[in-house]
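Please examine the model shown below.

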Amino acid sequence: MPPKSKAAAAAAAEPVSVEDLFTSLHRHIQAGDSLQAAKVADQVLKAAPGDEDAVRCKVVALIKAEKIDEALAAMRAAERLPIDLSYYKAYCYYRQNKLQEALDLLRGQEETVAVLQLESQILYRLGRMNDCMNSFEKLKKFNIDSMDLKINIIAALVAAGRASEVQATMKALKVDLTTRALRDARSFELAYNSACSLIENKKYSEAKEQLDLAKRIGKEELMVEDYSEYDIEYELAPVSAQLAYVQQLQGQPQEAMQTYVYMINTKTPGPNPSSIADTSSLAVATTNLISLRGTKETADSLKKLDQLIEKSTAPNRLQLIESLDFKLSPRQKEALYSARVLLLLHTNKIDQAHELVSALLGIFQDSVFPVLLQAAVHVKEKYVQKAEEVLRQYADKHPENSKGVLLALAQIAANANHFQLAADSLSKIPDIQHMPATVATLVALKERLGDSNAAASVLDSATQWWKNSMTEDTKLDVFIREAAAFKLGHGRDEEACLLYEELVKSHGSVEALAGLVATAARSNLEKAEQYEKKLKPLPGLKGVNVESLEKTSGARHVEGPQDMKVDVPEEVKKQKAKKRKRKPRYPKGFDPANPGPPPDPERWLPRRERSSYRPKRKDKRAQVRGAQGAVTRETTAANASGSSKGSQTTSSSKAPAANTDQPKASNKSRKKKSRS
């Protein structure tokens with residue numbers, strides 16, 4: 001190797017100026033070479049220790065290069081410097097899913113655009129959707145016209161259960177969902193989020209249109225960027241899963257199941273095959289497929305679900321694969337874990353279900369779904385009282401979040417014939433007391449308890465609520481009719497009559513008028529006659545004299561057909577005349593011109609019941625066993641004369657049969673005797 005020249009050695013020995021290093025640093029940042037930018041930043045810090053710009057450039061470059069741990073180490077090394085790196089540290093904690101630590105670092109900082117955006121993302125991950133929306137509201141004052149921000153706001157509204165506000169928010173944000181506008185914005189995510197809001201509002205047809213649009217625009221965008229066919233399917237997997245979910249809601253389970261199975265089983269070709277769906281879409285497809293299967297193929301469903309959970313020997317520890325725990329929303333996690341517990345119960349793996357529920361109770365301490373799963377496990381074990389106690393304790397401690405718990409408690413208690421507990425549980429849910437299903441259930445439970453007065457009180461309170469309500473979809477007529485029928489069946493004729501009268505005055509239906517007449521006839525005959533006049537006469541009953549019918553002693557049976565003369569209206573006669581007569585259908589091969597002899601009318605009767613049946617006569621003649629010709633003439637004569645006394649037979653008739661000592665005659669002698 002030739003020795004270096006003196007000029008080259010001198011050039012290498014000369015230090016590079018800080019300005020040149022910053023120029024090189026800027027060039028690497030513009031080129032997107034984050035790792036090289038971090039190396040140059042280190043050179044700047046060697047030349048100028050503690051330089052704030054160099055520290056910030058190094059931290060940002062390491063974050064962009066996905067070197068989160070190294071970025072945190074660089075910030076710890078710069079803690080002695082008077083540089084505020086709280087935002088970058090919070091972002092690193094957010095990337096490591098240390099969400100609460102990240103949120104604590106952002107508190108007290110100036111509410112800039114970057115801080116508010118990061119705060120909203122952290123709150124979204126934590127499932128605190130209302131706080132997330134508050135952060136987005138603060139961002140509006142900055143007048144940011146960003147498509148990403150609009151997409152995030154709509155997603156947060158849907159996740160917060162405020163899908164009804166999405167359309168108004170999109171108008172306020174000036175979001176255009178036409179095909180051309182979405183193509184110009186190159187954003188299929190906006191159409192996807194809009195479809196999710198429509199699904200929450202149960203507008204499934206419109207949601208399907210938006211999802212089809214999102215899929216079409218997404219394919220166009222990704223094809224322009226030279227994505228492969230499998231990469232396009234991977235990027236659009238959330239849209240495909242949501243489309244299958246809409247089909248499932250629209251009553252097309254087979255089509256939805258085909259999509260789910262394709263997403264779960266299909267792998268990309270090549271030496272390193274991978275799934276064509278991202279992990280979150282894969283989890284959604286697996287959970288929805290299990291719900292479609294129900295109790296069928298439980299072993300296969302459990303196997304597919306276990307592939308989403310990491311194996312761990314630590315007790316009460318649950319971890320989803322590939323940070324899936326950070327990608328799924330709280331509702332999606334609840335559905336996934338609930339499906340696994342139910343599958344374990346269906347496969348009679350009670351011990352594993354117990355372990356999983358115990359882990360869920362420790363992880364989701366503020367959630368209600370582990371409590372419901374714990375009660376389900378107790379019911380499977382036939383420990384109904386344990387299940388009732390678990391649900392009752394939770395409802396007492398958390399009355400504001402106990403609606404689902406009380407409904408489950410009512411169902412379990414009703415199935416166990418604990419009717420009083422079931423009725424008390426339903427009565428503690430104020431916002432459904434007036435609903436028809438709740439009222440019907442409470443009335444049935446009170447009747448099972450033998451308390452008809454309490455059942456009537458339930459109907460009265462529901463009727464009064466609907467009288468005072470200002471809703472358009474009123475159920476008042478239904479409740480009045482049911483209350484009147486209930487009271488009529490329990491002997492409260494006057495109260496039932498008042499209810500029917502109120503129904504007639506408010507709605508005037510024929511059914512209510514007929515019910516009023518029938519009810520009033522029991523207690524107030526004058527009122528019944530008064531309202532009976534308002535009933536329209538039935539056609540065809542003009543010739544019937546009611547008074548003469550009342551004077552008769554009743555209907556009598558008359559032999560033979562009788563002609564009844566009833567005045568039939570002309571319209572009815574014309575309708576009967578128009579009725580087309582159908583040709584008779586004959587059996588195959590039957591000729592109506594030559595029908596042949598008529599069939600036996602008794603052909604369907606058993607043989608013993610036919611008139612032609614003659615039973616076989618029993619042969620009462622004595623049956624004598626023995627050799628041929630053993631019966632004597634005296635025995636034959638006695639049988640022919642019809643003698644009924646067996647004692648009159650001669651002793652000689654018995655002798656040949658009993659005389660076993662005499663030798664038998666040969667065949668030749670027998671032939672001779674028969675000839676003679």
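Helices (H or I, at least four residues) and strands (E, at least two) are DSSP runs, numbered from the N terminus. This is a predicted model, in which local features need pLDDT of at least 70, side-chain atom pairs count only at pLDDT 80 or more, and totals for chains, interfaces and linings use all residues. Residues are numbered from 1 along each chain as its sequence is written, and side-chain values use heavy atoms, with hydrogens and water left out.

Q: In which loop does Asn348 lie, and is Asn348 buried or exposed?
A: Asn348 lies in the loop between α21 (330-346) and α22 (350-363). Its phi is positive, near 60°, in a residue other than glycine. Exposed means over 50% relative accessible area, buried under 20% and partly exposed in between (1.4 Å probe, protein chains only). Because its relative accessible area is 55%, Asn348 is exposed.

Q: What is the phi of Asn97?
A: Asn97 is placed in the loop between α6 (86-95) and α7 (99-106). Most residues other than glycine have a negative phi. Asn97 is not a glycine, yet has a positive phi of about 65°.

Q: Which residues does Ser120 touch, not counting residues up to four places away in sequence?
A: Ser120 is in helix α8 (residues 113-126). With 1% relative accessibility, Ser120 counts as buried. By contact (heavy atoms within 4.5 Å), and leaving out residues up to four places away in sequence, Ser120 touches Cys132, Ser135 and Phe136.
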